[in-house]
Amino acid sequence: MTLDEVRARMKAAGIEIAENRLEMVRRLLTDALAPVQAFDSRGARALEPAVTFDAIQGAEPRRDDDDE
Amino acid sequence: MTSDDLAYATILEIATRYRRRDLSPVELTKALLARIERLDPALHAFVTVTTERALADARAAEAALLRGGDGKPLLGIPVGYKDIYATRGIPTTAGSALLADWVPEDDATCVTRLRQAGSVMLGKLITHEFAFGIQFPGHRFQPAKNPWNLDHMPGGSSSGSAAALTAGLVHGALGSDTGGSIRGPAAFCNLVGLKPTYGRVSRAGVLTLSWSLDHTGPMARTVEDCALLLQALAGHDPADPASSREPVADYAEPLGRGIRGLRVGVPRAYFLEGADAEVEKAFEQALAALRLLGAVVTDVEIPSILASWAFLAILMAEAFAYHERDVRAHPELYGDVLRERVLAGGLILGSEYVQAQRLRARLQAEMLEVLRRVDVLVTPTTPKPAPTFAVVWDPSFGFPKSNMPPFNMTGLPALAVPCGFSSQGLPLSLQIAGRPFDEATVLRVGHAYEQATEWHRRRPRI
């Protein structure tokens with residue numbers, strides 16, 4: 001990641017960082033994102049399901065003939 | 001027993017002396033308060049010493065002892081809390097100017113559990129700012145120093161917890177671990193630190209750094225002490241949405257069973273890259289010791305291990321989500337390093353965060369697959385011993401590669417135990433990780449190794 005890319009992201013996010021700290025931020029983001037950018041996600045499983053449910057205790061069991 | 005011996009006694013040794021009536025909780029508490037007064041001005045382990053509370057807890061423990069102990073497993077055991085654990089009526093600063101005057105109305109669940117177990121609260125222990133920054137010279141809170149060498153940092157972010165235990169100022173301490181903040185300070189200070197399985201110990205009432213990576217857990221001077229603290233802490237807490245209902249095992253009883261036939265996996269890729277020669281040597285000697293104890297040691301591979309550092313993208317994005325309102329409104333109340341680390345998290349794209357989580361899922365699946373073939377994984381806890389303050393205060397110092405985050409990413413239990421010293425006299429450490437909720441096996445391996453070696457018996461000259 002270049003310093004210009006860091007500045008572009010700052011502008012888009014509305015975030016201000018002192019100019020003399022930008023190199024530290026650039027290195028931090030480069031390290032953090034290196035595995036992500038090297039990742040070919042097409043073969044990876046999705047994160048879904050985001051939520052799962054258990055039956056609420058005390059509910060009446062559903063009967064097959066309910067739909068009839 | 002000298003006063004130093006008392007300060008470094010194990011929890012079971014103290015409990016035995018209490019039962020024999022040759023030591024009382026008030027006596028021990030007063031001795032430690034005097035020791036803190038004498039040593040802490042040079043160490044800065046404590047933010048707040050809770051003298052009145054400590055003496056009240058000690059008197060209550062004394063009364064309970066006269067009644068037979070009331071079944072409290074940590075009766076009269078002096079402990080300290082990293083200053084991100086909320087404590088009712090006691091300032092909780094997170095090492096931050098932002099919270100310098102905050103006095104919580106409730107205790108964190110962990111604080112409640114240790115109190116119910118009979119412990120004595122000696123005080124609050126300094127943390128790196130919000131468990132993520134570093135205290136530079138001039139920071140509102142002074143950094144804790146490493147009792148093995150005051151020019152070196154004790155690790156972080158549970159820095160005060162490590163310094164206090166190492167100096168014999170407390171008999172147990174709590175830390176928190178988002179990327180190694182329990183295990184790192186334990187490693188740098190010749191201590192035992194356990195990051196339990198995600199969901200094993202409640203985080204309710206503990207300030208957040210990164211919801212999906214944060215863990216709470218015990219730090220101590222021996223594996224057995226760590227197991228006893230975990231026993232009091234573990235268990236479901238409805239106040240923590242990530243808290244598990246998995247039954248709590250007995251952690252202390254199996255410690256002495258040995259490790260004959262136990263399968264130990266060694267993932268060399270990533271974990272030994274960049275390690276100091278002295279760290280590698282100590283690690284190989286630790287493997288030899290495990291073999292001598294009867295363990296079957298084999299190399300294993302975790303194909304996606306090099307992607308572990310995606311941890312940093314998750315940590316930074318979640319930390320920004322937590323701090324966004326405050327850091328935008330009051331940036332001047334954040335220390336230099338923390339402010340930029342938090343703001344950098346706001347520069348991570350949503351898609352990058354999601355891909356980092358997908359990498360995490362892959363890494364978790366691979367580790368679980370490896371842990372079907374071996375019982376535990378062992379690595380050096382840190383690739384190098386504790387750095388000097390001069391090194392970490394250098395503006396070019398970044399966020400160094402670490403062996404600990406893979407187990408925050410995967411949520412697996414991981415323990416740091418002492419495994420040697422560098423030629424400079426700085427501690428080295430072995431990391432033992434295991435299957436989800438199998439802290440008992442991780443602790444058993446750590447205990448077997450610890451009992452076969454002498455490293456944990458060394459004390460710093462203070």
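Start by selecting Asp31(A), Ala32(A), Leu33(A) and Val36(A) in α2(A), which meet Leu312(B), Ala313(B) and Met316(B) in α11(B). Contact here is defined as C-beta atoms, placed from the backbone, that lie within 7 Å. Helices (H or I, at least four residues) and strands (E, at least two) are DSSP runs, numbered from the N terminus. By class, the residues of this contact are six nonpolar, no polar and one charged. Nonpolar covers Ala, Val, Leu, Ile, Met, Phe, Trp, Tyr, Cys and Pro; charged covers Asp, Glu, Lys and Arg; the others, Gly among them, count as polar.

This is a predicted model, in which local features need pLDDT of at least 70 and side-chain atom pairs count only at pLDDT 80 or more, while totals for chains, interfaces and linings use all residues. Residues are numbered from 1 along each chain as its sequence is written, and chains are lettered from A and ligands numbered from 1 in the order in which they are written.

**The helix pair across the chains**

Show α2 of chain A, residues 22–37, as a cartoon beside α11(B). The two pack at an angle of about 120°, with axes 7 Å apart. Axes are lines fitted to C-alpha atoms, for helices over the stretch in contact, and angles run from 0 to 180 degrees between N-to-C directions. α2(A) and α11(B) are therefore oblique to each other. Angles under 35 degrees count as roughly parallel, over 145 as roughly antiparallel, 65 to 115 as roughly perpendicular and the rest as oblique. The crossing is left-handed, meaning that the near helix is turned anticlockwise from the far one by less than a right angle; clockwise would be right-handed.

**The whole contact between chains**

Chain A puts 23 residues into the contact and chain B puts in 25. On the chain B side, α11 (311–329), α12 (336–345) and α13 (350–373) each give two or more residues. Which element gives the most? α13(B) does, with nine residues. The chain B side holds 16 nonpolar, four polar and five charged residues.

**Inside chain B: α11 and α12**

Next, select α11(B) and α12(B). Their axes come within 7 Å and cross at roughly 110°. The pair is therefore roughly perpendicular, and its crossing is left-handed. From α11(B), pick Met316(B), Ala317(B), Ala319(B), Phe320(B), His323(B) and Val327(B); from α12(B), pick Arg339(B), Arg341(B), Val342(B), Leu343(B), Ala344(B) and Gly345(B). That set divides into eight nonpolar, two polar and two charged.

**The sheet**

Now colour the strands of chain B. An open, mixed sheet of 11 strands runs β1-β3-β2-β4-β6-β5-β10-β11-β9-β7-β8. Two strands pair if DSSP finds at least two bridges between them. Look at the edges: β1 (46–49) and β8 (296–299) have a single partner strand each, so one side of each lacks a neighbour in the sheet. The twist averages 30° from one strand to the next.

Zoom in on β10 (414–421) and β11 (427–434) of chain B, which run antiparallel and are joined by seven bridges. Select Val417(B); its bridge partner in β11(B) is Leu430(B).

**Two backbone stops**

Most residues other than glycine have a negative phi, and most peptide bonds are trans. Go to Gly156(B) and Ser157(B): a cis peptide bond joins them, with omega about 15°. Ser157(B) sits in the loop between β3 (120–125) and α6 (159–166). Then select Ala94(B), not a glycine, yet with a positive phi of about 55°. Ala94(B) is in the loop between β2 (78–82) and α5 (109–116).

Key: Two residues are in contact if their C-beta atoms, placed from the backbone, lie within 7 Å.
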